[in-house]
Amino acid sequence: MSIRAVVWDVDDTLFDYTAADRAGMRGHLLAEGLLDGYDSVEQALTRWRRVTDAQWARFSAGEATFQGQRRDRVRVFLGTELTDDEADEWFERYIGHYEAAWALFPDVLPVLDALAASHRHAVLSNSSLTVQDRKLRVLGVHDRFETILCAAELGVSKPQAGAFHAACSALGLAPHQVAYVGDHPEIDGRGAADAGLLSVWIDRGGAYTSDDGPGGPRRIASLAELPAILGADTRFGAPSTFR
């Protein structure tokens, strides 16, 4: 049976989270006068990314709330005991710099336009609905999606099959009728494949060297390759750059 819907990850798939986070934190640290404690801006950004990944893993494992992991990111990064209000205020100041750098990847609107008539679309993110709903509105693509599901509200996160199946259920489709597109080889790629969806792993920077065999995620370097994988009746598309 053909693929009838595409479910999308958001951060680093549709939205260039890494670039926005780096630009936002660079501006925030400069404004806060915190760069003097590091040998370089890059060292500070690397520490922020390491702390973010560790606290996000706790949230994904159900060990922290969404707001709690934000507060702990600030406390660990600063190495300071802060009240919840103090941590929230620090993070909100960072958010101002971060949001100023928000942007879609350049291949997003063309592929959404190309697939608009042939496929239904939804979002499944490991973030929270409050964050992703607003983000998609600001980026101008919110109305492209029938439904937006997030781990904080679902109570289950990728790579667990239940998260992917919740998205399929929201669309009223079986997993084999749905494609999932995400940037992480395990959380998105392997998770979606194991859940029975057509898994498409977008690896724009070629950062990973491993590649799954038959039954694993289909690896692409640009969303321009997606219509060909879906068999969409469109002139838009490009051959895979990975062999």
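This is a predicted model: local features need pLDDT of at least 70, side-chain atom pairs count only at pLDDT 80 or more; totals for chains, interfaces and linings use all residues.
User: How many bridges join strand 4 to strand 5, and do they run parallel or antiparallel?

Analyst: Strand 4 (residues 178–182) and strand 5 (residues 198–202) are joined by four bridges and run parallel.

User: What is the order of the strands in the open sheet?

Analyst: The order is 3-2-1-4-5-6, six strands with parallel pairing. An edge strand is found by counting partners: strand 3 (148–150) and strand 6 (218–220) each have a single partner strand, so one side of each has no neighbour in the sheet. From one strand to the next, the twist averages 25°.

User: Which helix packs on the sheet and touches strand 1, strand 2, strand 3 and strand 4?

Analyst: That is helix 8 (residues 161–171), whose direction makes about 150° with that of strand 2 (120–125). Helix 9 (residues 185–194) lies across strand 4 and strand 5, and runs at about 165° to strand 5.

User: Which residues touch the most other members of the largest nonpolar core?

Analyst: A core can be read through its contacts: in this one, of 47 residues, they are Trp8, Phe15, Tyr98, Phe145, Val181, Leu223 and Leu226. Helix 4 (residues 84–99) gives the most to this core, with six residues.

User: What lies apart from that core?

Analyst: Another core, of 17 residues, lies apart from it, with Ala122, Val156, Tyr180 and Leu197 among its members.

Conventions:
Residues are numbered from 1 along each chain as its sequence is written. Side-chain values use heavy atoms; hydrogens and water are left out. A nonpolar core is a set of buried Ala, Val, Leu, Ile, Met, Phe, Trp, Tyr and Cys residues joined through side-chain atoms within 4.5 Å. Buried means under 20% relative accessible area, exposed over 50%, partly exposed in between (1.4 Å probe, protein chains only). Helices (H or I, at least four residues) and strands (E, at least two) are DSSP runs, numbered from the N terminus. Two strands pair if DSSP finds at least two bridges between them. Axes are lines fitted to C-alpha atoms, for helices over the stretch in contact, and angles run from 0 to 180 degrees between N-to-C directions. Contact means heavy atoms within 4.5 Å.
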